[in-house]
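Notebook open, structure viewer running. I'm jotting down what I look up as I go.

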Amino acid sequence: MQNKLSFHQSSVSLEIIGLPDYSNNENKDQISIISQWKLTIVDKPLIEGKIEHLGPIMDAFYIYSNLLIKNEIPIYESKLIDIKADNLHIHNIVLKSSKANVKPLVLKIGNSLLSDAINCFDQLNESPKVRIKKTDIPTQIPKKLKFGLNNKVKFFNFLIPPFFAICSLILFSSSFIYFYSPFENIEKKELTNPE
Amino acid sequence: MRKSYVKNNIKVNEFEALIKITVEMSKYLYPFIREILKSKEDIKENSIIWNDFNKRFIELIKERFNVDSIRVKKLLNQTENGEIIIKSLLILSFCISNQGCQKLKNFLYDF
């Protein structure tokens, strides 16, 4: 008998079917060997597939949502799934079948359904009852680096104004060398006061 | 941007606390956030929700922000503020999980 777990968020639900890994002494409720998954979106066709498809689809949604917020062009393309933005509110999803002669499934979802789907995937990632191989999302890695860079930028921003202030003082005061010549003044004084 | 003449840097503890409050409030208000996002998807059918939200948003901005600032003026302009409001709502709606605090921080560093 297979275990079944469901994650719901408003109009989207994700169902995971699979078995526990008894060789690791796991509980009966646990799912480590996923045999099937189903993503149900209200008023849209059912999306289901093999375990090897779930990871890339989740990654696609996460990467796309990051792109959408970061002001970059929100386009994600892969062998399995393409996501493009029609505008800021509507997103085009093209799911390509691995089987030959099967037409790709095209879905249009809005921001509300996109956030529901992301929250379903979050619930799956955080569930202690399901163990899935978490693939590293490339956009999450440079964030720490970016934060580090931000700190460096802030540090430079802190130093640059006084640096420029000192430089401008030096430049400004050096120009007075041409206007003021102390030796000429001394000579003039000597001429006016010959004593 | 605020109507305050005192510029204090936020402390790390205060930042963490604000993040926690924001995430908990977004969890609680998720159904409303979702409805506002949905109303903008089909503006002809659900324009009342979006218009009410935008009107209240502008009222609060006028009440608490420095209206003379150019950035605040952009927020008040109904033709220009749509994108920033939608993106802010999306960020809040993506951060309602248990790890929402970390997600919100990552989004803020990149925003």
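Which residue in β8(A) is the bridge partner of N92(A)? I looked it up, and K108(A) is the one.

**Ground rules.** I'm working with a predicted model, where local features need pLDDT of at least 70, side-chain atom pairs count only at pLDDT 80 or more, and totals for chains, interfaces and linings use all residues. Residues are numbered from 1 along each chain as its sequence is written, while chains are lettered from A and ligands numbered from 1 in the order in which they are written. Helices (H or I, at least four residues) and strands (E, at least two) are DSSP runs, numbered from the N terminus.

**Sheet β5 to β8, chain A.** I find 4 strands in an open sheet, ordered β5-β6-β7-β8, with antiparallel pairing. β5 (75-77) and β8 sit at the edges with a single partner strand each, so one side of each has no neighbour in the sheet. From one strand to the next, the twist averages 15 degrees. For pairing, DSSP has to find at least two bridges between two strands.

I then went through the pairs:
- β5(A) and β6(A) run antiparallel and are joined by 3 bridges; I75(A) has K84(A) as its bridge partner in β6(A).
- β6 (residues 81-85) and β7 (residues 90-95) of chain A are antiparallel too, over 5 bridges, and a hairpin links them through 4 residues. D82(A) has V94(A) as its bridge partner in β7(A).
- β7(A) and β8 (residues 105-110) of chain A run antiparallel, with 6 bridges.

**Sheet β1 to β4, chain A.** Here I see another open sheet of 4 strands, in the order β1-β2-β3-β4 and with antiparallel pairing. β1 (3-9) and β4 (47-49) are at its edges, each with a single partner strand, so each has one side without a neighbour in the sheet. Ignoring direction, neighbouring strands are turned by 15 degrees against each other on average. β3 (residues 33-41) of chain A pairs with β4(A) over 3 bridges, antiparallel. The bridge partner of L39(A) in β4(A) is I47(A). α2(A) packs on this sheet and touches β1, β2 (12-19) and β3 of chain A, with its direction at about 30 degrees to that of β2(A).

**Where the chains touch.** How many residues does each chain give to the contact? I get 21 residues from chain A and 21 residues from chain B. Being in contact needs C-beta atoms, placed from the backbone, within 7 Å. On the chain A side, α1, α2 (111-126) and α3 (142-174) give two or more residues. α2(A) has the largest share, 8 residues.

**Helix pair in chain B.** α1(B) and α4 (residues 82-94) of chain B pack at about 140 degrees, with axes 9 Å apart. Axes are lines fitted to C-alpha atoms, for helices over the stretch in contact, and angles run from 0 to 180 degrees between N-to-C directions. The two helices are therefore oblique to each other (under 35 degrees is roughly parallel, over 145 roughly antiparallel, 65 to 115 roughly perpendicular, the rest oblique). On the α1(B) side I noted residues including Y30(B), I33(B) and L37(B), and on the α4(B) side I86(B), L89(B), L92(B) and S93(B).

**Confidence check.** Chain B has a mean pLDDT of 87, with 95% of its residues at 70 or more; pLDDT is the predictor's confidence in each residue, from 0 to 100. The model's scores are ipTM 0.88 and pTM 0.76.

Technical notes:
Contact = placed C-beta atoms within 7 Å.
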